[in-house]
Amino acid sequence: MVRKKSQRKPFVRKPISPMEKLYDCPLCGQEKAYLVDRDIATSSARIRCQKCDELYATKITHLCQPIDIYCQWVSTPATKLIIDPNIRPHIPVHSH
């Protein structure tokens, strides 16, 4: 007996969507206002809000993506204080 060939659907590749370069501003609330500029040659990156002109610059490696730079800026302690003024920095109290 001869086996019947199975009918497989042809493999279709899904197109890869490019990563975003514009992000929401946590300070002024504007959507898609932060633009991330990477310069691999000088190992630097800048983030600038197009509405409130907040600027953040940092050193990067060739592996850093725009979302990594944005998350690094949002997770810095100084930014957390600006975003939510109710958060107070932990100041150790020394009792003698």
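In which sense do strand 1 and strand 2 pair, and over how many bridges? They pair in the antiparallel sense, over two bridges, where strands count as paired if DSSP finds at least two bridges between them. This is a predicted model, in which local features need pLDDT of at least 70 and side-chain atom pairs count only at pLDDT 80 or more, while totals for chains, interfaces and linings use all residues. Residues are numbered from 1 along each chain as its sequence is written, and side-chain values use heavy atoms, with hydrogens and water left out.

**Confidence**

- The chain has a mean pLDDT of 76, with 79% of its residues at 70 or more; pLDDT is the predictor's confidence in each residue, from 0 to 100.
- Where pLDDT is low, the predicted coordinates should not be read in detail.

**Strands**

- Tyr23 has Tyr34 in strand 2 as its bridge partner.
- Strand 2 and strand 3 run antiparallel and are joined by six bridges, and Leu35 has Arg48 in strand 3 as its bridge partner.
- These two strands form a hairpin with four residues between them, and Ser43 in the turn has a positive phi of about 55°.

- Pro66, Ile69, Tyr70 and Trp73 of helix 1 are buried, that is, under 20% relative accessible area, whereas exposed means over 50% and partly exposed in between (1.4 Å probe, protein chains only).
- Because these four cover an arc of only 100° around the axis, they lie on the same side of helix 1; the arc is that of the directions from the helix axis to the C-beta atoms.
- Leaving aside neighbours within four places in sequence, Tyr70 is in contact with Tyr23, Asp24, Pro26, Tyr34 and Ile47, contact meaning heavy atoms within 4.5 Å.

**Gln30**

- Gln30 lies in the loop between strand 1 (22–23) and strand 2, and counts as partly exposed because its relative accessibility is 32%.
- Not counting residues up to four places away in sequence, Gln30 touches Asp24, Cys25 and Lys51.
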